[in-house]
Amino acid sequence: MKVLFYGGAFNPVTKAHVELANYVRKKLRFDAVLFVPTKDKYIKHDEGKDFVFSGLKRKQLLDDVAKSNNWMIVSDYELNLEEQPRTYTTLCHFRDEGYELKLLIGSDWLPKLKTGWKFVEEISKEFGFVCMTRNHDDIEKMIADDDYLSSLKDYIICVNTPETYQNISSSKIRALYLDILDKEEEMKKMLPEEINNIFMTEVKGEVHE
């Protein structure tokens, strides 16, 4: 099975995560997208997020969306490990499970490949990247203007995604969450319909200080 591996916080999952991943999947003719949420501790301490919904809740929200999207696969592999693994380690695990994988990232992650990632060369040669447009980035120019990224260009498939979901992000939802009484309707516009009610009613007690 040809699968796009999509790892991340999904804190919470947004329409952009779902719709853009599916857009790329269909454009490149992959069978599925594998969503793998990262551990709570990693999101809070390593990524420095303002707050973190529990791994159980983040996976539940992904599962709820996947019920009506049969191209989605959701795994708690990283959540169940004692420590957050490197992306390369997780990719190798799912390759051993029989998946044919490429790593799906947003263009906002491109600058971090040089400074914040391990095993980039191994990921590039053994799996390859699929990079989708975020925040109206010019992916081709980003790669051409950077010597390090240019050295990886043969391993990066660039996909320009629709404008509709370019500016939707988990961080915006979390910011609105802090002012939930006034911003509930705006939040709902960015969340997948399948989890709107669940998110607004159940998730409120799932925030980690």
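Predicted model: local features only at pLDDT ≥ 70, side-chain atom pairs only at ≥ 80, totals over all residues.
Visitor: Why is the pair formed by the rings of Phe10 and Phe35 called tilted?

Guide: The ring centres lie 5.5 Å apart, and rings pair if their centres lie within 6.5 Å. The planes stand at 55 degrees, whereas stacked requires under 30 degrees and edge-to-face over 60. The pair is therefore tilted. The structure holds eleven aromatic pairs.

Visitor: Which parts of the chain does the pair of Phe10 and Phe35 link?

Guide: Phe10 belongs to the loop between strand E1 (2-8) and helix H1 (15-28), and Phe35 belongs to strand E2 (residues 32-37). The two are 25 residues apart, and the pair links distant parts of the chain.

Visitor: How do you know whether Phe10 is buried or exposed?

Guide: Buried means under 20% relative accessible area. Phe10 has 3% relative accessibility, so Phe10 counts as buried. Phe35 has a relative accessible area of 0%, and is therefore buried.

Visitor: What makes the pair of Tyr77 and Phe94 edge-to-face?

Guide: The planes of these rings stand at 70 degrees, with the centres 5.6 Å apart. Since edge-to-face applies to planes over 60 degrees apart, the pair of Tyr77 and Phe94 is edge-to-face. Tyr77 lies in the loop between strand E4 (72-74) and helix H4 (87-96), and Phe94 lies in H4, 17 residues apart. Both Tyr77 and Phe94 are buried.

Visitor: Which residues form one aromatic cluster with Tyr77 and Phe94?

Guide: Phe5 and Tyr99 form one aromatic cluster with Tyr77 and Phe94.

Visitor: How do you know that the charged end of Lys112 sits over the ring of Trp109?

Guide: The charged end of Lys112 is 4.0 Å from the centre of the Trp109 ring, and the distance cut-off is within 6 Å, together with a position within 35 degrees of the ring normal. The charged end of Lys2 likewise sits over a ring, that of Phe30, 4.7 Å from its centre.

Visitor: Why is Leu4 called buried?

Guide: Leu4 has a relative accessible area of 0%, and the cut-off for buried is under 20%. Leu4 is therefore buried. Leu4 lies in strand E1, and touches, among others, Ala21, Val24, Phe30, Leu34, Leu104 and Val130. The C-alpha atoms of Leu4 and Tyr99 are 9.4 Å apart in space, although these residues are 95 residues apart in sequence.

Visitor: Against which elements do the buried residues of H4 pack?

Guide: They pack against E1, E2, strand E5 (100-106) and helix H6 (120-126). The buried residues of H4 include Tyr88, Leu91 and Phe94.

Visitor: Which residues touch the most other members of the largest nonpolar core?

Guide: They are Tyr6, Val13, Phe35, Met72 and Leu104, in a core of 34 residues. The largest share of this core, five residues, comes from H1. Apart from this core lies another of 26 residues, among them Val3, Leu91, Ile105 and Ile156.

Visitor: What makes both faces of strand E6 (residues 129-132) covered?

Guide: Phe129 and Cys131 on one side are buried, as are Val130 and Met132 on the other. In general, the side chains of a regular strand alternate between the two faces of the sheet.

Visitor: How do you know that E6 pairs with E5?

Guide: Strands pair if there are at least two bridges between them. E5 and E6 have four bridges, in the parallel sense, and in E6 the bridge partner of Ile105 is Cys131. Four bridges also join E6 to strand E7 (residues 156-159), and these strands run parallel. In E7, Cys158 is the bridge partner of Cys131.

Key. Residues numbered from 1 in each chain as written. Heavy atoms only, no water. Phe/Tyr/Trp six-rings, centres within 6.5 Å; stacked < 30°, edge-to-face > 60°. Buried < 20%, exposed > 50% of the residue type's maximum accessible area, 1.4 Å probe, protein only. Contact = heavy atoms within 4.5 Å. Core = buried A, V, L, I, M, F, W, Y, C linked by side-chain atoms within 4.5 Å. Lists of a residue's contacts leave out its neighbours within four places in sequence.
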